[in-house]
Amino acid sequence: MKKYFLTSFMALLLALSVSACNRSDDDMDMVDIDDDASTSGIDQEDETDLDDQEMTIDQMVKVDSPVAEATITNPVKISGKAVGSMYFEGTFPITIEDFSGKVIGTGQAKVTDDANWMTEDWVEFTADVAFTKPAAGTTGYIVLKKDNPSGEADNEMSLQIPVKF
């Protein structure tokens, strides 16, 4: 996978270099930069830190099916949409848990129709997740997790959908 990523990255850099080299000076827009914020139209006091505008998991993923409290069958079909930052390589993890939090099934949500997941827009997903019916209890959760390839705890996010078995 690293070799594929590196090859894709190099191809992108090459394409950008060729594109930049093919421009003439007439194609370049010249912009005057004014250091005085009062005349540049930027109010520096109103600028906000992007970290303060992080989305909650409820704003990042919307599940169409199954709905909360639905009775699910094995395997459960899950569909909905999520913003591109939920995905890594077009997938994000899903677990099925019993009422005590024990994982009884795992799977991956995948973008539909090879959609572009590298976007800030909504991207549709589907998943078929097999699970073992719990020995005790008749309720549990479908847990959709933001993919976190870094493994950093600060990047962990999940949405629990209560379901019945």
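1. A starting point for the ring geometry: two rings of Phe, Tyr or Trp (its six-membered ring) pair if their centres lie within 6.5 Å. By this rule the count in this predicted model comes to three aromatic pairs. One of them joins Tyr87 and Phe92, with 5.3 Å centre to centre and 65° between the planes, an edge-to-face arrangement. Both partners are worth a look for burial too: Tyr87 has 4% relative accessibility and counts as buried, and Phe92 is buried at 0%.

2. Now to the rings of Phe131 and Phe165. Their centres are 5.5 Å apart and their planes stand at 50°, so this pair is tilted. It links distant parts of the chain, 34 residues apart: Phe131 belongs to the loop between S5 and strand S6 (139–145), while Phe165 lies in the segment after strand S7 (158–164). Phe131 counts as buried at 7% relative accessibility, and so does Phe165 at 14%.

3. Next, the strands. S3 (residues 91–98) and S4 (residues 103–111) run antiparallel and are joined by seven bridges. They form a hairpin with four residues between them, and in the turn Gly101 has a positive phi of about 95°. S4 also pairs with strand S5 (residues 122–129), again in the antiparallel sense, over two bridges.

4. Thr91 stands opposite Lys110 of S4, and in S5 the bridge partner of Lys110 is Thr126. As background for viewing the side chains, in a regular strand they alternate between the two faces of the sheet.

5. Finally, is Asp147 buried or exposed? This residue is found in the loop between S6 and S7. Asp147 has a relative accessible area of 16%, and because the cut-off for buried is under 20%, it counts as buried. Leaving aside neighbours within four places in sequence, Asp147 is in contact with Met86, Tyr87, Phe88, Thr91, Phe92 and Pro93. That list includes Tyr87 and Phe92, the two rings of the edge-to-face pair in point 1. Asp147 and Met157 are ten residues apart in sequence, with 8.4 Å between their C-alpha atoms.

Note on methods:
Residues numbered from 1 in each chain as written. Predicted model: local features only at pLDDT ≥ 70, side-chain atom pairs only at ≥ 80, totals over all residues. Heavy atoms only, no water. Pairing = 2+ DSSP bridges. Phe/Tyr/Trp six-rings, centres within 6.5 Å; stacked < 30°, edge-to-face > 60°. Buried < 20%, exposed > 50% of the residue type's maximum accessible area, 1.4 Å probe, protein only. Contact = heavy atoms within 4.5 Å.
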